[in-house]
Amino acid sequence: MRAVLTWRDKAEHCIYDLAFKPDGTQLILAAGNRLLVYDTSDGTLLQPLKGHKDTVYCVAYAKDGKRFASGSADKSVIIWTSKLEGILKYTHNDSIQCVSYNPVTHQLASCSSSDFGLWSPEQKSVSKHKSSSKITCCSWTNDGQYLALGMFNGIISIRNKNGEEKVKIERPGGSLSPIWSICWNPSREEHNDILAVADWGQKLSFYQLSGKQIGKDRSLNFDPCCLSYFTKGEYILLGGSDKQVSLFTKDGVRLGTVGEQNSWVWTCKVKPDSNYVVVGCQDGTISFYQLIFSTVHGLYKDRYAYRDSMTDVIVQHLITEQKVRIKCKELVKKIAIYKNRLAIQLPEKILIYELYSDDSSDMHYRVKERIVKKFECNLLVVCADHIILCQEKRLQCLSFSGVKEREWQMESLIRYIKVIGGPPGREGLLVGLKNGQILKIFVDNLFAIVLLKQATAVRCLDMSASRKKLAVVDENDMCLVYDIHTKELLFQEPNANSVAWNTQCEDMLCFSGGGYLNIKASTFPVHQQKLQGFVVGYHGSKIFCLHVFSMSAVEVPQSAPMYQYLDRKMFKEAYQIACLGVTDTDWRELAMEALEGLEFETAKKAFTRVQDLRYLELINSIEERKKRGETNNDLFLADVFSYQGKFHEAAKLYKRSGHENLALEMYTDLRMFEYAKDFLESGDPKETKMLITKQADWARNINEPKAAVEMYISAGEHVKAIEISGDHGWVDTLIDIARKLDKAEREPLLMCAHYFKKLDNPGYAAETYLKIGDLKSLVQLHVETQRWDEAFALGEKHPEFKDDIYVPYAQWLAENDRFEESQKAFHKAGRQQEAVKVLEQLTHNAVVENRFNDAAYYYWMLSMQCLDIAQDPAQKDVMLDKFHHFQHLAELYHGYHAIHQYTEEPFSSHLPETLFNISRFLLHSLTKDPPLGISKVKTLFTLAKQSKALGAYKLARHAYDKLQGLHIPARFQKSIELGSLTIRSKPFHDSEELVPLCYRCSTNNPLLNNLGNVCINCRQPFVFSASSYGAAPG
């Protein structure tokens, strides 16, 4: 720390107090009975203020900067505005000793020899409180809740805002140690309010708000007249009878002198938020100083040790950002760090620390050795077992026990020294001198090795990782890089204040200067970016930069040097740079460039870094092809370009390497058909057709069917065009295609016809079938669409299709309940079996549904058809038998129809004689098993009823008797039982009128003939009338 005088002035009277305006632009001094207002920037006296009649002892500015107050021996307090106008005046009973504004409420405390007053703008009067002793000083706490009063009798009284005493502190010296200056620490970081007290017992003490003392009294060896804190509370200023201002830590450790004066110092203050100090003296001298705190620090790789608060050392791990604080409680003069060692020079000793463990992230240090001896040195270096002291031209090597082991005398002043590593006890030092010499010294060797000599003084040095190159920054801000072995100057760069080689890359260094960071790789041009401060280390992609008092690790992407290598196709070197730290985009660019340069190993590593599996697969496939003996680099590069999307370049390379098919395949896969056509130019028509087909396939896949159809037609792919048109129902398109197609192209025309049928356009389908001459399909079409007239017309012209027409027609008629027509159609088609089958089914249905007349008709038709079939000699006998059988059944059902009507319906249209004859006919004709649907009960019942009605009582009784042996339905039961009883009352004979006569032999036959419907005498079958069923003449 050193103090630089900025300006000085002298007033005619003693300067008892002073105050800064909170923004630091003005300074108010109490000098005699006037106030002096100065401009702090250059010491110009702006205005003297007159208002007091006697000496002004005190002055204070409000925190908001709107007003200030002054107190005088004339017992008055004047309130002034920031415009230097007096606005209020009030008095005490004695001279005013001190004034202080509350930092929060702007309440003013004014203290006199016998009392103190509290005034605020809101109050009309000043509230005053008596004091037991003369108040010499006062100070408000940061929160404005309490006011501390320092008294002449050695007592400190802490009052609240209302003036009530809360804490009383009695100093051991009592009235022999008057309290002359007190001040609360303004720091917001302190957990407790801390009061600094300076008394004329020549002590500096610290107290908590509770009145508890912090630590012990610190002896000053002078009478303190003023005490003040820096704005953030980190340092204390003290001045008094020793005619100087001293700087102390906030804990009371003396750090040094700010400025020596010619008389007592009555007041000293720090300009708000700065390192400027103003001092007011007994002889009227006003001195304005700037305090410059030099940086005391040390760096080794990623560990940085620096001084904090002048008495502490903070070791910072630049990578992990861990920090550890070592409290030395004395002024730290020098710091050195190397591997696991840390050396701290204090005023009377040197402390050597070591790490607890070898862990690279361990931050716990312990004292290894103490060298209790005062040393004067400009630079301090620590090694594994030694410390190196540098004092101007002399270097001394001391063991940790303080024994001097070696000494080197240089030709010129030592400007720079650095440990460059080595075995413990044999480390190498790099030393730069003012005369331009650069030396290497080993701590176990008396002889220094001159590496090189340059014309200008050395300011900064660094050696590359392999010890082959040396970078020097000279006093002209020039960065010079030498080859250590040849002493050759490799290159030089201007505007440098510090330099550092990259510890992980031999050919890369960085230097700072002029607000810029410069990164240089190999002999490429420098890459610049803005950076304030000094570069002190370069590790991978991290640059360690010291700016003012803080060290920071700046992450610098190594993109620029990487691209410089890439521009020269130096892929392996570019990869090494990328490993130090570049963005993902840079990695991808490196991978692509290496791939295009066919540097597959580097490309593979880079693509692995960005996890691009697609390109890794490409590289693997190329490597496999190379193993199989492929050597065509153009072909490899074409594949690379196609992967990158550079399709035209890829196509050119494919063509150059004689693989036009691959280019064509690429364009078609990408659906870049226009480019593919251009590429083909006037090529093979087959390839052009193939290309159009592929384009159509693509249009189809992306749901552009119209375009696809057009392309398929132009490519001659009619089947696909028809398929799409048919699926989308585009009849017009299908018609165009069908009409344009040649009749020889049978498959596509058949597809057209199929879709016409599917889309319900049979006319166009018929047209198509006619075009290709497919009559069978045309017949099928007519049948499927039930256009029977067209089918029959076609059948007339082409009898071979008769079956194909009439059979479906008959089936259709049958399905539509037109059975008779269906039966005729089957018969017409020559399908006799189907015709008979239909009639049999019809007959069966008629019987089941009690339609016996219909059944009789159907059996008659069946008999007629059997007669037709009987014309075939092969089937004659069988069919004639069937004819007679069906004729018989037709007669039975025809007769039974009347019986059924009589028994089931309320009225009958038949005469009793007819019913009588029918029932006799049926009974004579019925065999053991009556045909389906014909009821014997109903026949006998009808016979019985009609016999009784006509007078054939015997026959009626016989019928009733027969009925008794049959299962009678419930609805006939009562009627039959009644008939059976009533017939008993009738004569037991039949009416002779009813007896049948054989017209052949004139024999009377019984009404019930066991032989059936034949004459009992001549065996001539009876012929019955179809209407009355009476026997007709033969």
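Let's start with A305 and what it touches. Leaving aside neighbours within four places in sequence, A305 is in contact with V296, H297, G298, V313, I314, V315, I335, I337 and L342. A305 is found in strand β30, residues 303–308. Is A305 buried or exposed? Its relative accessible area is 0%, so A305 is buried. One more distance here. The C-alpha atoms of A305 and A343 are separated by 9.8 Å. Along the chain, those two are 38 residues apart. Keep in mind that this is a predicted model.

Next, a sheet. It is open, it has 4 strands, and the order is β2-β3-β4-β5. The pairing is antiparallel. Which strands sit at the edges? They are β2, residues 15–20, and β5, residues 44–50. Each of them pairs on one side only. From one strand to the next, the twist averages 25°. Zoom in on β2. Its antiparallel pairing with β3, residues 26–31, runs over 5 bridges. In that pairing, I15 stands opposite A31 in β3. As background, strands of a sheet pair through backbone hydrogen bonds.

Now the aromatic rings. How many aromatic pairs are there? The count comes to 22. Take W7 and F288. Their ring centres are 5.0 Å apart and their planes are at 10°, so this pair is stacked. Stacked needs planes under 30 degrees apart. The pair links distant parts of the chain. W7 is in strand β1, residues 2–10, and F288 is in strand β28, residues 285–292. W7 has 6% relative accessibility, so W7 counts as buried. F288 has 2%, so F288 is buried too.

Compare F852 and Y896. This aromatic pair is edge-to-face, with 5.0 Å centre to centre and 85° between the planes. It also links distant parts of the chain. F852 belongs to helix α21, and Y896 to helix α22, residues 876–904. They are 44 residues apart. F852 is buried, at a relative accessible area of 0%. Y896 is buried as well, at 0%.

Stay with α21. The helix covers residues 852–869, which is 18 residues. From first C-alpha to last, α21 reaches 25 Å. That is close to the 26 Å expected at 1.5 Å a residue. Several of its residues are buried, among them A855, Y859, L862 and C866. In general, an α-helix has 3.6 residues a turn, so residues three or four places apart point the same way.

Aromatic rings also gather in a group. Y16, Y57, F152, W180, W200, W264 and W266 form one aromatic cluster. Lysines meet rings too. K271 lies over the face of Y276, at 5.3 Å from the ring centre. The charged end of K520 sits over the ring of F491, 4.5 Å from its centre.

Two last residues. First, F447, in the loop between β43 and β44. Buried or exposed? F447 is at 65% relative accessibility, so it counts as exposed. The cut-off for exposed is over 50%. F447 and W408 are 39 residues apart in sequence, yet 8.0 Å apart in space, C-alpha to C-alpha.

Then T942, in helix α24, residues 936–950. T942 is at 0% relative accessibility, so T942 counts as buried. Which residues does T942 touch, not counting those up to four places away in sequence? They are I899, Y902, T903 and L915.

How values were computed. Residues are numbered from 1 along each chain as its sequence is written. This is a predicted model: local features need pLDDT of at least 70, side-chain atom pairs count only at pLDDT 80 or more; totals for chains, interfaces and linings use all residues. Side-chain values use heavy atoms; hydrogens and water are left out. Helices (H or I, at least four residues) and strands (E, at least two) are DSSP runs, numbered from the N terminus. Buried means under 20% relative accessible area, exposed over 50%, partly exposed in between (1.4 Å probe, protein chains only). Contact means heavy atoms within 4.5 Å. The expected span of a helix is 1.5 Å times one less than its number of residues. Two strands pair if DSSP finds at least two bridges between them. Axes are lines fitted to C-alpha atoms, for helices over the stretch in contact, and angles run from 0 to 180 degrees between N-to-C directions. Rings of Phe, Tyr and Trp (its six-membered ring) pair if their centres lie within 6.5 Å; planes under 30 degrees apart count as stacked, over 60 as edge-to-face and the rest as tilted. A charge sits over a ring if NZ of Lys or CZ of Arg is within 6 Å of the ring centre and within 35 degrees of the ring normal.
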